[in-house]
Amino acid sequence: MDESRKRRREDGARGGGQGPGGKKARGLAATVVASHYDAQARETLRDRASSQILKLRQFNNWTKSVLIATFLRWPGFHVLDVAAGKGGDLHKFELAGVASWTAVDISAASIHEAARRYSKSREPRAFGARLFVADCAAVPLWHRTTRAHLVKVANDARPPALAADMRYPPDYAPFAFDLASCQFALHYSFRSERAAHVFMDNIAAKLKPGGYFISTIVDATVLAARLARVRGVSPGATGFGNSIYSVRFKPDVADALMAGTVPPFGAEYHFTLSDVVDCPEFVVDFNVLVAIAKAHGLAFSFKAGFMD
C-alpha cells in the first residue's frame, strides 16, 4: 500500500502515550531489527543477483521509483529518507535531481554502506548528503537535547574516506524538507503508541508546508484475509506463507485479527522473506495511521495498492 500525507501546517500537535507491551519488549524488537539489518548490510551485488526473490525486489524497486517520481515533480527538492537502509533509493533521488539527501537508519552498518555508495561515484555528485544512525521511532531527531548524543554516536562510527561535501552527521542548521520518504519500514514504529508519535513527529517537524510524506506499508486487511483463508482449512492457525515467505502471529494477535479487535499498537507478527527479512513487524491500522499523521499537522492525500 502506498500513501502520502500533504503538509497542512508547519507545526502540529505532538502526541505521546504508551502502547501495550513492556518497554523492555519494545526495545528488544528494535534491537532485533537493527541487528538483522546490520547483518544484511554485508550482502554483495553477487548475492543480490542470485537471490530467489530478485524479480520481487525489482518489482518493489520499480514501484518505489514510480511513487518517488510522482512526488518529486521538479529538480531541487530536499529529501528526508527515513529507514534509508543501505541507500537503495539513492539513485532514484539522484535521477530526480534532488538538492540534498538526508538519510537516517537504525542500522549503523547499513548507513555506512549508504555512505560508501554515495562516495563511490566517478564524478562528484550534484547534491550533498547527510547521514546518521538513529531509531526514528525512539529518538526525537530535531530536538536540541539529542544533538550532542547523535553527533557523538555518528562520529564514533564514521566510516573513512567520505566525500568532502557529505556531512556526517548532519549539521543542525535550520533545515526543511520538500519530501519525506519511508519505504517498507513504517510498521516498525507501531510497536507502541509513543513510538508511532515520535516517528511521525520526526517526519512532520521539518517538512515544509505543501511538502509530502510518502510511504509503503503492509495492508492489514490483506493480512486478515490471508489468515482467514488458512483458518478456513486449518482452524486455529496462527500464520501463513510458502517456501519464500512466512507470516506468524502470536495466538492472541491472530485471534484479535480475525475478530476485528486488533490493538492499534503492539500487534506483533514475525515476518520472513527468503534470506532478506527475518524479524518482528507490527500490524498497521491505516485509519490509526491517518489519525496520527493528522495530529502532527499532516493531511491525507492519496493511497493505492501496488497493483492499482
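Reply: On one side of helix α9, Pro251, Asp252 and Ala259 are exposed, that is, over 50% relative accessible area, where buried means under 20% and partly exposed lies in between (1.4 Å probe, protein chains only). The model is predicted, so local features need pLDDT of at least 70 and side-chain atom pairs count only at pLDDT 80 or more, while totals for chains, interfaces and linings use all residues. Residues are numbered from 1 along each chain as its sequence is written, and side-chain values use heavy atoms, with hydrogens and water left out.

Helix α9 spans residues 251-259, and Val253, Ala254, Ala256 and Leu257 are its buried residues. Helices (H or I, at least four residues) and strands (E, at least two) are DSSP runs, numbered from the N terminus. Viewed down the axis of α9, the buried residues fall within an arc of 165°, so they line one face of the helix; the arc is that of the directions from the helix axis to the C-beta atoms.

The cover over the buried residues of α9 includes α8 (220-233), β9 (245-249) and β10 (268-273), with contact meaning heavy atoms within 4.5 Å. Just after α9, Gly260 takes a positive phi of about 75°.
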